[in-house]
Amino acid sequence: MLSHRAIWDGIDAIAGRHSLSVSGLARLAGLDATAFNPSKRVSKDGRERWPSTQSIAKILEATGESLDQFIDGAGNIPQNGTPAHTFTVPLLGLAQAGTGGFFDSAGFPAGQGWDEIVLPSSGHAGIYALEVQGDSMEPLYREGERLIVSPTEQVRRGDRVVVRTRDGEVMAKILARQTARQIELHSLNPVYEPRILDIEEVEWMARIIWASQ
């Protein structure tokens, strides 16, 4: 029997072979664009979520791949548990992210000074990692953990996000509320008060799609 991780690796492998993000693969198959996102693979209480057989059938039909190809990709995991399909993403300390020259105006990595880490293949285009510094995201994210950030994912209320202000402040928070004029950000650590920022103060906001220790 294929494991939960292997099934999702198989979907990631199909997306990679067709030069698609997992969102692009879902759209190609006529599914909701978020159907295969990392956030959909585990519930908030930690329970594993599995893709439906119908959704797998749809992506096989849309890409012209066979079930055997899918199973081969799903089972392509070495004995040490590391997926065979990996890639590198830029890595920067969260404190460094507040200084100039590391991002373009849309929040994508730019310039020099980035390190790199290796991750399992995700299919997300333009993602990068920020290393947590400080305790404002405890108990969920602790100092030293790496937040995997996607500037292309749509941000909704309740999402965990990284926000950079025009003054160069960078913070990892929860988007509690957003209007046409303001955003309200909460910390997971109750010691820190909510932040309310005018939209004009925000240079960019990007969604945290998962964390890597």
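Me: What secondary structure elements does the protein contain, and what pattern do they follow along the sequence?
Reply: In this predicted model, the protein has four helices and nine strands, and reading along the sequence gives the pattern α-α-α-α-β-β-β-β-β-β-β-β-β.

Me: What makes the pairing of Asp-12 and Arg-41 a salt bridge?
Reply: The closest N and O atoms of Asp-12 and Arg-41 are 2.8 Å apart, and since the criterion is a side-chain nitrogen of Lys or Arg within 4 Å of a carboxyl oxygen of Asp or Glu, the pair forms a salt bridge. This pair links distant parts of the chain, with Asp-12 in helix H1 (residues 4–17) and Arg-41 in the loop between helix H2 (22–28) and helix H3 (53–63), 29 residues apart. Arg-41, with a relative accessible area of 10%, is buried, the cut-off being under 20%.

Me: How do you know that Arg-17 and Glu-65 form a salt bridge, and where do they lie?
Reply: Their closest N and O atoms are 2.6 Å apart, which falls within the 4 Å limit, and therefore the pair counts as a salt bridge. Arg-17 belongs to helix H1, whereas Glu-65 sits in the loop between H3 and helix H4 (67–74), 48 residues apart.

Me: Why are Arg-17 and Glu-65 placed in the classes they have?
Reply: Arg-17 has a relative accessible area of 40% and is partly exposed, because that class covers values between the 20% and 50% cut-offs; Glu-65, with a relative accessible area of 10%, is buried, since buried means under 20%.

Me: What makes Asp-167 count as exposed?
Reply: The relative accessibility of Asp-167 is 76%, and because exposed means over 50%, Asp-167 counts as exposed.

Key: Residues are numbered from 1 along each chain as its sequence is written. This is a predicted model: local features need pLDDT of at least 70, side-chain atom pairs count only at pLDDT 80 or more; totals for chains, interfaces and linings use all residues. Side-chain values use heavy atoms; hydrogens and water are left out. Helices (H or I, at least four residues) and strands (E, at least two) are DSSP runs, numbered from the N terminus. Buried means under 20% relative accessible area, exposed over 50%, partly exposed in between (1.4 Å probe, protein chains only).
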